[in-house]
Amino acid sequence: MTTRALLAAVTGLCEELTGLVAHGRATGLAGLTGVSPQDAVAVGVLAVVVGVEVTATAVCNAVRVILDQPGQWERIGREPGLVDAAVREALRLVPPLRFDSRIVRERVELDGKTIEEGRRVVVLIDAANRDPDAFADPNMFDPGRADGDRALMPLGGVAAPVAETLVWIQTQAAIRVLTELRPGLHMTAEVPQVALGWMWDAIYRAQRIEELGAGLHLPSDGLSADVLRAKLVRVLDDPSFSHGARRLRRAVLSTPSPNEVVPTLEKLTARHRSAPVAR
């Protein structure tokens, strides 16, 4: 039933996007350079699928960062015009994707170093968005900063232009609605989770949360209303899960940020590059 429902949903989405592209109403898809109408529809479907998880992460990150700033949540609720800048700044500090991997197309010189064609390059987005050479007071939350448009949030792939727009629009809309409906929202540090592991590393993360005693893993193939209810009741009634969530939060907060790790990685890289190769 789940597979049939998924196929039906994808088919319906394809039909809807095909009509929008054909009538020129999907301007973001129709404007993709060198892409046929059929490929534009495929890109749109991919953008929706990719954008779901990234948007969910972006909304959670934006809520957390804004709530950490005294008075900002309430202010945005009173002045909705501040939402766009606040979301942009929040996702600069805590982007939904922490790193991005790319393949070099041609030999390039970067910061005095040569990167050969075909090499894999990993961009630490967290660190780049807190680069003191690019941002004034990089660790400070400042929605009005003049250099905010330098922040990175690359999704990669052919669907990136569409997916990034979807993530921005939906995250801004979510914050606008939440600040209006829940003006008194505040952070609670010790909230255990019922984590749905349904694809990619989400399964590992959900299993790890359960191993650490900070929540329960709910496999997607076992999802039902009764199972979900039982797991929710268990994490809410058993105080050990709150204790586990507290330990996990402390461990996360004590972990160095990517920006703090980069200097160490640079030193280690330089040391091993200059070291003789063992034969």
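A residue counts as buried under 20% relative accessible area, as exposed over 50%, and as partly exposed in between (1.4 Å probe, protein chains only). This is a predicted model, where local features need pLDDT of at least 70, side-chain atom pairs count only at pLDDT 80 or more, and totals for chains, interfaces and linings use all residues. Residues are numbered from 1 along each chain as its sequence is written, and side-chain values use heavy atoms, with hydrogens and water left out.

**Exercise 1.** Decide whether arginine 145 is buried or exposed, then find its salt-bridge partners.

*Solution.* 
Step 1: Arginine 145 has a relative accessible area of 7%, so this residue is buried.
Step 2: A salt bridge needs a side-chain nitrogen of Lys or Arg within 4 Å of a carboxyl oxygen of Asp or Glu. Glutamate 89 forms one with arginine 145, with the closest N and O atoms 3.0 Å apart.
Step 3: Now place this pair: glutamate 89 is in helix α5 and arginine 145 in the loop between α6 (125-128) and α7 (160-181), 56 residues apart. Helices (H or I, at least four residues) and strands (E, at least two) are DSSP runs, numbered from the N terminus.
Step 4: Aspartate 147 also forms a salt bridge with arginine 145, again with 3.0 Å between the closest N and O atoms. Shared partners join Glu89, Arg92, Arg145 and Asp147 into one network.

**Exercise 2.** Work out how many residues of helix α5 are buried.

*Solution.* 
Step 1: Helix α5 spans residues 83-93.
Step 2: Among its buried residues are Val83, Ala86, Glu89 and Arg92.

**Exercise 3.** Compare the cover of the two partners in the salt bridge between aspartate 126 and arginine 98.

*Solution.* 
Step 1: The N to O distance in this pair is 2.5 Å.
Step 2: Aspartate 126 lies in helix α6 and arginine 98 in the loop between α5 and β1, so the bridge ties together parts 28 residues apart in sequence.
Step 3: With a relative accessible area of 3%, aspartate 126 is buried. Arginine 98, at 42%, is partly exposed.
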